[in-house]
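Work through the two exercises below with the structure open. Each task is followed by a solution in steps.

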Amino acid sequence: MRILLAIDGSTPSTAAVQALEARPWPTPTSVRLVSVVQYLYAPDTPLVPEAGLMGEGLEGVYRQLEQNAHALLNPLAAHLRECGFTVETVVRLGDPRVEICEEARRWGAELIVVGSHGRTGLRRFLMGSVAQSVVRHAPCSVEVVRAPDLDGHAAEGAAAH
């Protein structure tokens, strides 16, 4: 089985990892951890004018964000290997809603597991819903995992297949 696990370091993505670990999977199961660094501006535009003057525009900022993403994925990959999975890590730059689906398509994923912040209404409209977009555009089945609330219960409607 080939499972693409989208990670952003949030509580919902931690819940997605825990959901993956909690189930028996066929042997062998390969997991591709993917983290997407979202472009906020054109790559050659400085984030602030002073950054461009120092020779450290957005390119340097994105390089640091990529390093941070690798630092997030590497220990998680080691942990999942200890759990018996074959694991690869990938960091992509772009729109997470697009890159997660494209990575699943390129790799031939059979399942995408993604956490959801559970935003609704105006917050979802303004910030977008990565999980919702992945469900709509994925080339395979998608499991959406919501982090438990303070009482330890998963949010209502936590999974979409």
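**Exercise 1.** Which residue forms a salt bridge with E99, and is E99 buried or exposed?

Solution. E99 pairs with R106, with 3.8 Å between the closest N and O atoms. A salt bridge here is a side-chain nitrogen of Lys or Arg within 4 Å of a carboxyl oxygen of Asp or Glu. The model is predicted: local features need pLDDT of at least 70, side-chain atom pairs count only at pLDDT 80 or more, and totals for chains, interfaces and linings use all residues. Residues are numbered from 1 along each chain as its sequence is written, and side-chain values use heavy atoms, leaving out hydrogens and water.

Next, accessibility. E99 is buried at 17% relative accessibility, while R106 is partly exposed at 48% (buried is under 20% relative accessible area, exposed over 50%, partly exposed in between; 1.4 Å probe, protein chains only).

Then look for shared partners. R106 also forms a salt bridge with E103, where the closest N and O atoms are 3.0 Å apart. E103 is buried, at 1% relative accessibility. Salt bridges with shared partners link R32, E88, R92, E99, E103 and R106 in one network.

**Exercise 2.** Where is V90, and which residues does V90 touch?

Solution. V90 sits in strand 3, residues 86–93 (strands are DSSP runs of E, at least two residues, numbered from the N terminus). Its relative accessible area is 11%, so V90 is buried. Leaving out residues up to four places away in sequence, V90 touches R32, L33, V34, S35, L73 and E103 (contact means heavy atoms within 4.5 Å). One of these, V34, is 56 residues from V90 in sequence but 4.8 Å away in space, C-alpha to C-alpha.

Notes: Helices (H or I, at least four residues) and strands (E, at least two) are DSSP runs, numbered from the N terminus.
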